[in-house]
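Q: I would like to go through a model and learn how to read some of its features. Could we take them one at a time?

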Amino acid sequence: MNISYSWLKQYIDINLSPAEVARVLTGIGLEVEGVESVEKIRGGLEGFVIGEVKTCEKHPDADRLSVTTVDIGVENLLNIVCGAPNVASGQRVVVATIGSTVYKGDESFEIKKTKLRGAVSEGMICAEDEIGLGNGHDGILVLPGDAPVGMQARTYFGAEPETMFVIGLTPNRIDSASHYGVARDLAAYLRKDRDITLIKPDISSFAVDNENFPVEVRIENRNSCPRYAGVSVSGITVGLSPQWLQDRLRSIGMNPINNVVDVTNFVLHELGQPLHAFDADELKKHQIVVKNLPEGTPFVTLDNVERKLSANDLMICDGEGPVAIGGVFGGLHSGVTEKTRNIFIESAYFDPVSVRLTSKRHNINTDASFRFERGVDPEMTLYALKRCALLIKELAGGSISSQIVDVYPEPLKPVRVTITFANTDRLIGKKIDRSVIRSILLSLDFKILAEDKAGFDLLVPQYRVDVTREADVIEEILRIYGYNNVEVSETLHASLSYTSKPDGEKLVDNVSEYLTSCGFYEIMCNSLTPSAYYDQLTTFPPENLSRIMNPLSNELNVMRQTLLFGGLETIQYNTNRQRSDLRLFEFGNCYFFNEEKGKRNPLDRYKEVFNLALFITGKKHEPNWTSTGEATGIYELKAYLQNLFTRLGLDPERIQSDPVEGKKDLYADGMEYRINDKVIAELAIISQAVLKRFDIRNDVYYAVIDWDDLLKLRGDHRIRHTELPRFPEVRRDLSLLLDQSVTFAQIRDLAFRTESKILIRADLFDVYEGEQVTRGKKSYAVSFILQDTQTTLTDERIDRIMKKLMDAYAKELGAVIR
C-alpha cells in the first residue's frame, strides 16, 4: 500500500522527517518496506531554472530564429538561440540548462552546447509541453514579471518529488488502508509525549440543493449487505481533474481518469471507504436493488468481459437488471463517461466473506474488494458519501439532487471487551502505569464503559475489525506503548524437553546433508497444484483430491497427491533456462481424500502423508577433455536410494523388491521396495506421455519414499561402536546345486540359524544355470565369513562348522554340495 508523505500531513500536523515517520510507522506495526521518490513531472525539472531574457535579436542567417542572452542568476549570461515567435527581451522564462533532459511524450533529448547556423546556443527556452505542464507548443511559456530569476523551476511550479511510503499492510490492519487511517494510528503513538490534533476533512457544508433526482434503494440480501447508502448529484460536467487532484493520485502511483472517478478514488485512499458512481440516467426506473441473481446470469463488467454469475454473487441491480458486482466491480453500461450529466454515488458496507468469495470466484482484485473483503468501517459510510458529493460538486459542478438514502435495518453493534491489569502485565511482561494504559486506549478511540482496580470494560471502535478479544486489546496497548520500551528480563525461564526417538527432524536434516553432498539440490514446491494434472489418472484418482473451496486460481485449486508434478515443473523451468543436468530432492506432504470414510468424524476423510522424492535427469557430469558427458540412468538413482536405506539403518536383507504394477499412466518402468509386505519406496522411469505434458525431452528418473512408514519400520536404530577385532576372519566357499525355486534369502537365513555365534556374513558371488546343470536346477556359489572375537579359529573348528552348514543345506533345502 502506498502512502504519500505530503498527503498524510493534511490530516496530522507534524514536523517529523520522512525517515522518522517511517521508523514510527514500522514500530507500531505498519511496516514501511520502502521510501520512494515520486516525480510529479517526468524528470522532475532537474536542471530547469527561471531566467530573464536580456536581449533578443534576429538571427543573421535564419529568419525564424532569434539570438538571445538570458540571465539565470549566475555570473555570465547564457547565449541561447530560440525559434519561438513570441520570445522578447524582458520576459521571465523557463530555461533548460546544459546537461538537463527534455521530455516530450515518449521521446527525450539532452541539452548540449551547440551552434545553430553559426550562433552558439547554451540552453533552451522552453514551451509548456517541453516542461510537462501542458500540451501547448505555439511559443515559449512566459511567466509573470515577478518570477524570481535563478530559482529552480521545480520549486517555482511546486513540482518537487513526492515522498511515498510503501507499507506492507498485514490483512488484519485494514483500518490503516488509507491516509486518514495511517494518520490516526500515527497520532495515537505521538500523543504519548506531545499534543497532536487529528484533522478530519470538513463536511459541514453538505446540504441538499433540490430533490429532483431521487433514487429508490431496496436491500433483499441483508446478510451480504447490512448497509447501503447513496445520494444523487445532477448537472455535472465530466472532464479533467484539477492539477492538485491529479498530483495526489499520481503521488501514490494511480493514473487520473476524470474528475468524477478521480474523486471516488481520492476519497477511497483518503478515508478507506470504497465508493462507486453510477450514471444515474442509465439506472432503469431510478431504482437500486441489492440482491442475488440466478446461477449463470451473464454480466458485462467495466473491463468489457462477460462473466457468468454465481447464485451467491451479490449484485447491485437497477429496476431491470444488474449494474455492478457488489463491492467488487462496476458494470460496463452504468459507468461514468464524458456524456454523463447525472450520477448516483454509492457508499455501502458489504459482508467481507461474501465479497471475498465473489472476488476469488471471478478472479477480480480491485481496491474496493481489497478493503471490503477485510472489513471496512460501517460508521464511515455516510461521512465518506458526503465528502465525495461535496468534492464532485466543487470539481464537476452540478447540485446535490436528493436526500441521502441510508438503508441500515439492523445496525452492527461494536464489540465489547473486558481487560484486566493482571493479564495485561502478564502478557506484556511489564507493569505499565494504569494512567498510561488509559491514555493509550483513549487515543485509539476505545470507549471506556467502566473501570476499576481490576481493569477496564471497553467498546472497540468499529473500524478495528481485528480486535475482538482481551489479548487483541493488550496487543494494541503494547503496540502504542512501544515494544522497545519493554525491558528484557534478567531472569531466564527454561524447561526440559524430551524428544521421542527417532527424531524425525534430525533424520530429515541428516538425509538432506547427505543428498546435497552428492550434488542434489533441495526444492520446495507449492502444495497447491492444478487439478488438471490428475485428469484420467488411475494411480492418483481425481476423486481422491482434496479440493480448495476458495482457490486463488484454477492453477492452484487442489492439494497435491504426489510430489512428482512439482518436481517435473521444476525440471521444466530449469531446462528452459539451459540447466538440464539436474539432481533434485524434496521433502513434503501429500494429501488424500476418501469420501467413504469419516462417517463419524468428517476429518477422517482426509489423510496427510510425508514423502521424500528424488529426481535425476540429464548427464552425470559435464563433458571434458578426458571423457564425454555420460547420460545418467536408473541404476545411478537406485544406488542413491539404497545408500539412503543403509544410512538410515535399514538392513538390506529385510528389503524386498518387485516390479511396480498398475501405474503405467505415470511410469514407463519401475520397481517397489517393501519391508514386511509394506511398500516403503518406489523407483521408476517417468513415462514419455507424462514428460510430453511438461515439454521435457530428457528421460527423468524418479524415486519416492514414504517417510512416515519408513521411520516406523526403522524403529529406534542406534549406531553402536566396538573395538576392532584382534583375531582374523576366515572365508570359506560352498558350491550348492539347488532347485530353481530356492532363493538366496533362504540360504542366508538357514546359515545364521545353523551357526549364529561366529558366522558374521554370507554372500552370493555366482549363479549358474546352463547345460552343465540338471534341468530345473541352478548352482549357487556362496561365501561364508567366520570370526571369533575371543580366539583364533582352528581348522578343526572351521571344518565342523562348515559340515554343519552342508548337512543343514542337504537336509532342509535338498542341496547337493559340489
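A: Start with the element labels: helices (H or I, at least four residues) and strands (E, at least two) are DSSP runs, numbered from the N terminus. The model is a predicted one. As a case, glutamine 578 is found in the loop between α14 (564–575) and β33 (582–593).

Q: Which value does phi take at glutamine 536?

A: Phi of glutamine 536 is near 65°, again a positive value in a residue other than glycine. Glutamine 536 sits in the loop between β30 (528–529) and β31 (546–547). Its relative accessible area is 77%, so glutamine 536 is exposed.

Q: Which residue follows α2, and what is its phi?

A: Glycine 29 follows α2, and its phi is positive, near 100°.

Q: How do I read the sides of a helix such as α2, and which of its residues are buried?

A: An α-helix has 3.6 residues a turn, so residues three or four places apart point the same way. In α2, the buried residues are Val21, Ala22, Val24 and Leu25. Those four cover an arc of only 165° around the axis, which puts them on the same side of α2. The exposed residues Ala19 and Arg23 are carried by the face of α2 turned away from its buried side.

Q: What covers the buried residues of α2?

A: The cover includes α1 (5–8), β2 (32–38), β13 (162–167) and α4.

Q: At what angle do the axes of α2 and α4 cross?

A: Angles of 65 to 115 degrees count as roughly perpendicular. The axes of α2 (residues 18–27) and α4 (residues 179–190) cross at roughly 85° and come within 10 Å. That makes α2 roughly perpendicular to α4. In this contact, Val21, Val24 and Leu25 of α2 meet Val182, Leu186 and Tyr189 of α4. By class, the contact has 6 nonpolar residues, no polar and no charged ones. Val21, Val24 and Leu25 are also among the buried residues of α2.

Q: How are α13 and α17 arranged, and how far apart are their axes?

A: Helix α13 (residues 504–517) packs with helix α17 (residues 707–714) at about 110°, their axes being 12 Å apart. The two helices are therefore roughly perpendicular to each other. From α13, the contact takes Gly504, Leu507, Val508 and Val511, and from α17 it takes Trp707, Leu711 and Arg714. The classes are 5 nonpolar, 1 polar and 1 charged.

Q: Is arginine 387 buried or exposed?

A: Buried means under 20% relative accessible area. Arginine 387 counts as buried because its relative accessibility is 16%. It is found in helix α9 (residues 381–396). The side chain of arginine 387 makes a polar contact of 2.8 Å with the side chain of glutamate 270. Beyond four places in sequence, arginine 387 touches Pro201, Ile203, Phe266, Val267, Glu270 and Leu271.

Q: Which residues does phenylalanine 266 touch?

A: Leaving out residues up to four places away in sequence, phenylalanine 266 touches Trp7, Tyr11, Trp244, Leu245, Arg248, Leu249, Arg387 and Leu391. It lies in helix α6 (residues 259–271), and with 3% relative accessibility it counts as buried.

Q: Which side chain is joined to that of glutamate 682 by a polar contact?

A: A polar contact is a pair of N or O atoms within 3.5 Å. The side chains of glutamate 682 and lysine 663 are joined by one of 2.3 Å. Glutamate 682 lies in strand β37 (residues 678–686) and is buried, with a relative accessible area of 10%. Its contacts beyond four places in sequence include Tyr667, Met671 and Tyr702.

Q: Where does lysine 619 lie?

A: Lysine 619 is in the loop between β34 (606–617) and α15 (634–647). At 36% relative accessibility, lysine 619 counts as partly exposed. Outside its sequence neighbourhood of up to four places, lysine 619 touches Asp581, Arg583, Gly629, Glu630, Ala631 and Thr632.

Definitions and conventions
Residues are numbered from 1 along each chain as its sequence is written. This is a predicted model: local features need pLDDT of at least 70, side-chain atom pairs count only at pLDDT 80 or more; totals for chains, interfaces and linings use all residues. Side-chain values use heavy atoms; hydrogens and water are left out. Axes are lines fitted to C-alpha atoms, for helices over the stretch in contact, and angles run from 0 to 180 degrees between N-to-C directions. Angles under 35 degrees count as roughly parallel, over 145 as roughly antiparallel, 65 to 115 as roughly perpendicular and the rest as oblique. Contact means heavy atoms within 4.5 Å. Ala, Val, Leu, Ile, Met, Phe, Trp, Tyr, Cys and Pro count as nonpolar, Asp, Glu, Lys and Arg as charged, and the others, Gly among them, as polar. Buried means under 20% relative accessible area, exposed over 50%, partly exposed in between (1.4 Å probe, protein chains only). A polar contact is a pair of N or O atoms within 3.5 Å; within protein, one must be able to donate a hydrogen and the other to accept it, and residues adjacent in sequence count only if both atoms are side-chain atoms. The arc is that of the directions from the helix axis to the C-beta atoms.
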